[in-house]
Amino acid sequence: MGQWVYTFGDGKAEGESGMRDLLGGKGANLAEMCNLGLPVPPGFTVTTAVCTYFYDHGRSYPPELEAEVRTALAEVGRITGKAFGDPGNPLLVSVRSGARASMPGMMDTVLNLGLNDETVEAVALASGDRRFAYDSYRRFITMYSNVVLGVDHHHFEEALDLYKDRHGHTLDTDLGAEDWASLVVRYKQILERELGRPFPQDPTEQLWGAIGAVFGSWMNARAKKYRELNGIPASWGTAVNVQAMVFGNRGETSATGVAFTRNPSTGERALYGEYLINAQGEDVVAGIRTPQDITEAAARASGSDKPSMEKAMPDAYAELVRIYGILERHYRDMQDMEFTVEEGKLWMLQTRGGKRTAKAALRIAVELAAEGLITQQEAVSRVDPASLDQLLHPTIDPKAERQVLASGLPASPGAACGEVVFSSEEAEAAKKQDRKVILVRVETSPEDIHGMHAAEGILTTRGGMTSHAAVVARGMGKPCVSGAGTIRVDYSARTFTVAGVTVKAGEIITIDGGSGQVLRGRVAMQEPELSGEFATLMGWADAARRMKVRANADTPTDARTARAFGAEGIGLCRTEHMFFDAERLVAMREMILADDEKGRRAALAKLLPFQRADFVELFTIMGGLPVTIRLLDPPLHEFLPHSDQEVQEVAAQTGLSVEKLRRRANELHEHNPMLGFRGCRLAVAYPEIAEMQARAIFEAAVEVGRATGEPVHPEVMVPLVMTRAELDIIKERIDAMAKVVAEQTGVTPEYQVGTMIELPRAVLRAGEIAETAEFFSFGTNDLTQTVLGISRDDAGTFLGTYTQKGILAADPFMTIDRDGVGEMVKLGIERGRAVRPGLKVGICGEHGGDPASVTFCDEIGLDYVSCSPYRVPIARLAAAQAALGQKAASQA
C-alpha cells in the first residue's frame, strides 16, 4: 500500500503545496512553508486517503498506519529534542483537521495533547512556569473532553465562571498556578461525573482518540452543512495534521494571532489582523477575548488603548512582515496566516488563500495584475462569479437618519435589516416563512452555520474581525457586526439591552457591516455603484469571453438596469407582465370574455397602443441591441378574477354579469395549467392575439428606427412549440403583420422569428422546427420540468432529500442537470444546426445566471445566455472563465 503519513519540519518536507488533494490545504501549505525555510513547528500529516479508508472500512484504519505514525512521532521528537509520552521530557502536540478546501471552524481541533498528571509537572519544571503548565492542561482537558469524549463545553465554562466569582477574579489571566491546578481537579471530576470514567492519562490513547475525532468531524452536521453550501464533495475527506506545540500562553513575551496579507474586507494592500498576548490560538478565532490590532495604524484607527503587536513585540512583528511578503510573492495571492509567538520567537502555523469579500477579491485581483504577480486573465479567474452578488446588495443611504444603538467591529460589509432572533433555529424557521431576520448572538460557533445562512445579517457581542462570525459571514456575503461589547444578550428573556434600551425578539433592527453600527428600526438603503476595479476586471472578462450575455427584462427599469450591468441585449421580454397594469387588465379581460373574434379584436385594439408604447421604450433603451420578445405565454385564466369580491368588481368594470364571469372562468380552469392551454396554443386558437403583438412590435421598431436613426432588431419568439406546424401557422400571421406595417409606414421591418424550446418533443424534432425558426432559445425552467417530470412549484418537498442522498448533484432548477436537461439542449442544438448552419442559440431560464450552468452553455456552443439584470455581471464573468477554461484545456 502507499504512504499514509508525510512528515515536515527542520527546513524540509515530504510533501509540497501541489499535493493538497492528498495532504489537505493545511498539510500541503505547512510542507511548502518548510520547503521555503520558514519557521514551522515540526509535525506530520495523516492523508485524506486515510479518511476515505476510515469511512469505507467501518471507521477503522489501514494496518500500516500505526507504525507510520509512531515513526513520524519519533522524527518530530528528534527535531524538538523531546519524546512523546516521556514523563520527564514530554513532546506535546496539536491535532488539527485540514481538508483540501478551506472549511474554517467546521471540524475539530485539539491542542496541548500529551499532557497528563505526570507530564504537566515536567512541563512546569522545564518551563519554570507552573501557571503556564496548568493553564495548558485545563485547556487540554476542556478541548479533549468536548471534541473527543463528547462532554459539553459549558460544564467547564460554568465551573470556571463560578470559581472566578468566588475568588473575585474577572479575567482568565487573573488566575494563578494554584487556581488552575484546583480547576484541573474540578474538570476531571466533571468528566468522570458525566462519563463514568476518568480522564485518559495515556498520551497514545489521547492521540488516537483525537485523530479519530478529526476524521469523525468530517461527517458532523456543521461540516455537512458547510459542504452543502459551498459545493464541497463529501468524497474529498480531510487530512489530520499532528504538530509539535508552540505556546502563545507563556507570559507577556508570547502571543497568538491571525493575519491577512491584505485587508479581506476592502482588499487594501496592508497587513491586517489581530493577536492576543499570553493566549492560545483558539482564544482568537473563538472570540472568547476581544483581540488587539497587529499594526499601529490599525490600533490608532480603531481607537484601541491596547498596544499593537508592532509596538509590543517589534522583533516578532518585523519577522511577520518579512514572512508575509515571502508568502504572498510565492503563492501570488492574498494569504490568511496563523502564527504563535513563543517567548519572542515567531512560528508559522498555517497559510492559505484568504477568504475575502467580493469587493476585496476584485481589488486584490486587479492590483496583483498591476503589480505583475499575475496576468489579466489570471485575475479574471481569481474572482468567484457568484460572489459578485455581494456587490449588488444595498447599503445604508448616507442621507438616512441613524438611531445608533451600539457600535461594534465592521466584520463583513453590506447592510441588512430584519427582525431580531436569538437562535439559529428561529432564523431558519423565519426564512421558511419568508421573514427577514438578524441573528443576534453573544458569539457564533460552527453549530450556527444554518442560522447564519438563513439570516440577512449577523450581530455578535464578542469576537474580533477574525472570529468565527466574521470569517463565515464574509464567505457567505452576509453583513456582520461583531464585538459589540456594550450589548447584553438575555437568551432566556429573548431580549438584548444596550444603554438602557431593551430590544425584544421580533423587533426590527438594521446592521451596517461597513461601519459596525447597530441601528434601531428599518433604515433606508441604496444600491451600490459599480466602478473602479469592477469595471477594470469586467473589461478584462469581456475581452476573454466568447459567449454574449443578455438580460431577461420586461420593463424599462429592468432594461436600464440590464444596460448598466453590461447586458448585450434582451434575451427574454415576457409580454404577459405588461398586461397586469389596472387599465390594461380591463381590456385584457374584455378580450378573454368576448364571445367571438370580433369582440376579441375590439379589445385587442385597446391593448395595441399600450403594447406599442412598451416596445418603443424598450427598443429606445436598448439602443440597437437585439431584443427577444416572447408572445403571450401564460394560460388566460391567470388574468381573470378569483375571489367573489374580485368577480363583483370586474363585473362592474366590464358591464358583464357575475354569472358570465364565473362561467368563463370555469371554462378556462385547468387541472395542470403548466401543460395546458398556453404558449403557442393560444396563438393557434386565437391568431388575433399574435397579430396584435406582432403589429405592436413592428410599429414600435419603425418608430424608434426613425427617431434614432439606428436600426432596431426585434426577435419574435413563439413559446412552447412542439411541432413545426404550430410555428408555421403563427409565423405566417407574424409575417403578414410585418407586410401591413411596411405598407402603412413605407419601412420594411427587419426581424427574426424563432421559438422557445421547452418540450422534449421540440428537441427531438429540432431539425424540422429549424427549417422555419431563425433562432432557438432554450427555456430551461420549463424544459427542466418536462424532462425530469418535476413541478418547480412542488419540488421543494423532496429535492433537498435528493441532493443530500446524491441522487441529484444539485437543485436542477438552480444548476442545469447536465446529464438529462443538458443532454437535451445539446441534442436540440445539433439537430437544429444540422438543418440551419449557424442557427443562433441561447438560453433564457434561471440557469443563465448560474456560473456552473454558464460554463456548460459555453462548452456546448451556445451563442448567448440571458438572465435577470442583477445577475448579468455574474454571467459575464462566468462566461469569461468558461472561455479561459476551454482555452487552457485545448492547450493542455
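The structure is a predicted model, in which local features need pLDDT of at least 70 and side-chain atom pairs count only at pLDDT 80 or more, while totals for chains, interfaces and linings use all residues. Residues are numbered from 1 along each chain as its sequence is written, and side-chain values use heavy atoms, with hydrogens and water left out.

Grid points are joined across faces, edges and corners, and a volume is the space filled by probe spheres set on the points. The second largest pocket holds about 600 Å³ of space, and of its 26 lining residues Arg630, Asp633, Arg678, Asp782 and Arg792 are the closest to its centre. Its lining comprises eight nonpolar, seven polar and 11 charged residues. Helices (H or I, at least four residues) and strands (E, at least two) are DSSP runs, numbered from the N terminus; strand E26 (570-574) and helix H30 (780-788) each supply at least two residues of this lining, and H30 gives the most, with four residues.

Four cavities of 30 Å³ or more are present in the structure. The largest cavity, with a volume of about 110 Å³, is lined by 15 residues, of which Arg96, Met245, Val246, Thr340 and Leu349 lie nearest its centre. Seven nonpolar, seven polar and one charged residue make up the lining of the largest cavity, to which strand E4 (93-99) and strand E6 (238-244) each supply at least two residues.

Two strands are taken to pair if DSSP finds at least two bridges between them. An open sheet of eight strands, with mixed pairing, has the order E13-E23-E22-E15-E16-E17-E18-E14. Strand E13 (404-407) and strand E14 (409-412) stand at its edges with a single partner strand each, so one side of each is left without a neighbour in the sheet. Within this sheet, strand E16 (residues 437-441) runs parallel to strand E17 (residues 457-460) and is joined to E17 by four bridges, and Arg441 stands opposite Thr460 in E17. Strand E8 (residues 272-277) and E9 pair over two bridges in the antiparallel sense, with Tyr275 opposite Gln292 in E9.

Helix H22 (residues 597-622) has 26 residues and reaches 35 Å from its first C-alpha to its last, close to the 38 Å expected at 1.5 Å a residue, the expected span being 1.5 Å times one less than the number of residues. A kink of about 35 degrees lies at Leu607 in H22, shortly before the proline Pro609, where the bend at a residue is the angle between axes fitted to the seven residues ending there and the seven starting there. H22 is followed by Gly623, whose phi is positive, near 55 degrees.

Technical notes. 1 Å grid on protein atoms, 1.4 Å probe; cavity = no way out; pocket = protein on both sides within 12 Å on 5 of 7 lines; lining within 4 Å. Nonpolar A, V, L, I, M, F, W, Y, C, P; charged D, E, K, R; others polar.
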